[in-house]
Amino acid sequence: MFKKINILGIETSCDDTAIGIINLILDKKKIKETKILSSLVINQNKLHKKYGGIVPEIAARAHLENIDYCMIEALKEANIKLKDIELICVTSGPGLIGGLITGVSYAKGLSYYNSKKLIGVNHLSAHVLSPRIKNKINFPYLTLLISGGHCQFIIVKDENSFERIGGTLDDAPGETFDKIGKVLNLGFPGGPEIEKLAKKGNPEKFNFPRPLSKINDCNMSFSGLKTAVRNKFNEMLQIEKNISIDTKKDICASFQKSVIDILEIKTKIAMQIFEKKYKKEKKVLSIVGGVAANYQIRKVFDKLCNEKNFKFYVPPAEICTDNGVMIAYAGAEKYLSNNENLNDLNPRARWPLDVLAPPLLGYGKKGIKS
Ligand code: KG4
Ligand code: ZN
């Protein structure tokens with residue numbers, strides 16, 4: 001006997017206030033089909049633009065101003081009432097603590113006042129489970145999470161069990177795109193703007209570094225690449241005085257090529273590790289997170305997976321960047337597998353997906369989200 005339930009997801013861990021509503025068709029506790037009823041994202045790009053990066057306190061206040069409106073519009077778009085929601089899911093970490101407190105407090109009020117069940121969701125788990133929203137992908141599968149705050153290779157063993165086999169030692173790729181965007185005065189976030197200019201530039205014009213590419217593990221580093229691009233920009237400034245748009249296009253294309261090469265080189269190693277561990281399993285790779293919205297990256301990974309005999313999945317761009325739908329979906333998977341835990345409703349700035357993996361950071365940078 002099939003059952004239908006509606007689930008609401010709330011996301012405020014960074015600079016997007018997002019609410020998504022999904023409808024699940026369930027066969028006992030198994031998800032048969034997921035329908036997206038609505039997905040509202042209110043970004044704060046205008047507020048952070050002049051700073052060239054996210055200002056946490058401004059972000060937290062903007063979430064507070066936007067969240068109720070976002071909720072009302074999400075219900076309208078889904079054409080349902082709050083009483084039709086069975087479960088509320090909220091991101092409780094990792095992320096910027098002010099935004100997390102805003103989202104979790106709002107969700108607690110909503111749940112208490114309307115007598116709805118509430119579940120706290122790990123933002124990273126939502127990204128790595130997001131390819132399952134629209135595809136039937138069995139566990140285990142390999143994921144590369146590339147976003148503004150994170151860069152990790154994760155083996156998704158099941159809906160509650162994640163193994164990290166590598167990641168960045170310093171900056172995340174999205175953060176690097178954003179900082180280069182700031183240097184080139186392209187506005188915030190830099191990722192989509194750099195992708196646009198890169199299309200018209202020459203990727204071979206500048207030979208930027210591919211750090212750690214000779215090391216046989218799947219750890220990465222983007223901090224030196226960022227410095228190399230900044231140095232090149234300053235050098236060109238001496239020559240051109242006003243950097244021409246053509247030079248900017250070439251810098252963007254060459255920088256993007258370096259990022260793609262680093263990701264590709266390290267993914268080949270991650271694939272080998274996965275194949276060794278799971279000899280008999282189907283080989284699947286997915287890329288998730290905001291940077292996976294990049295068309296050039298998607299194209300290169302599609303080709304790589306073809307060559308290596310991995311089935312390739314990447315969610316639609318609007319599910320790669322932060323959204324409420326993936327939070328609702330990850331909360332649903334957690335709920336249906338009886339893994340809810342009241343402690344998960346405490347906002348946490350840091351919340352690693354794989355608690356057993358040793359910390360990767362410490363060399364270049366402190367303060368990453370997990
Ligand atoms: O997953 P996300 O929305 O937020 C985090 O959890 O961090 O990722 C945001 C990041 C930003 O750094 C943004 O510049 C980057 O994703 N991004 C892109 C593209 N679209 C978004 N980077 C490269 N190319 C894109 N098309
Ligand atoms: Zn994210």
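Colleague: What radius of gyration does the protein have, and what would a compact globule have?
Modeller: This is a predicted model, where local features need pLDDT of at least 70, side-chain atom pairs count only at pLDDT 80 or more, and totals for chains, interfaces and linings use all residues. The radius is taken over C-alpha atoms, and the globule rule is 2.2 Å times the number of residues to the power 0.38. For 370 residues a compact globule would come near 21 Å, which agrees with the protein's 20 Å.

Colleague: How many helices and strands does the protein have?
Modeller: Both are DSSP runs, numbered from the N terminus: helices are H or I with at least four residues, strands E with at least two. The secondary structure comes to eleven helices and ten strands.

Colleague: Is E11 buried or exposed?
Modeller: E11 sits in strand β1 (residues 2-11). Its side chain makes polar contacts (N or O pairs within 3.5 Å; within protein, one must be able to donate a hydrogen and the other to accept it, and residues adjacent in sequence count only if both atoms are side-chain atoms). The partners are the side chains of S13 at 2.7 Å and T91 at 2.6 Å. Buried means under 20% relative accessible area with a 1.4 Å probe, protein chains only; E11 has 0%, so E11 is buried.

Colleague: Which protein residues are donors to the zinc ion (ligand 2)?
Modeller: Residues are numbered from 1 along each chain as its sequence is written, chains are lettered from A and ligands numbered from 1 in the order in which they are written, and side-chain values use heavy atoms, with hydrogens and water left out. Donors are N, O and S atoms within 2.8 Å of the metal (3.2 Å for Na, K and Ca). The protein donors lie 2.0 to 2.1 Å from the zinc ion: H123 (NE2), H127 (NE2) and D322 (OD).

Colleague: Which parts of the chain does the pair H123 and D322 tie together?
Modeller: The donor spacing is H-x3-H-x194-D. Both H123 and D322 are buried. H123 lies in helix α4 (residues 123-129) and D322 in the loop between α10 (317-320) and α11 (324-336), so the pair joins parts 199 residues apart in sequence.

Colleague: What share of ligand 1's accessible area does the protein cover?
Modeller: An oxygen atom of ligand 1 is 2.8 Å from a backbone N or O atom of G148. A nitrogen atom of ligand 1 lies 3.1 Å from a polar side-chain atom of N294. Accessible areas come from the Shrake-Rupley method with a 1.4 Å probe; for residues, only the protein chains shown count as cover. Of the 550 Å² that ligand 1 has on its own, the protein covers 92%.

Terms used
Buried means under 20% relative accessible area, exposed over 50%, partly exposed in between (1.4 Å probe, protein chains only).
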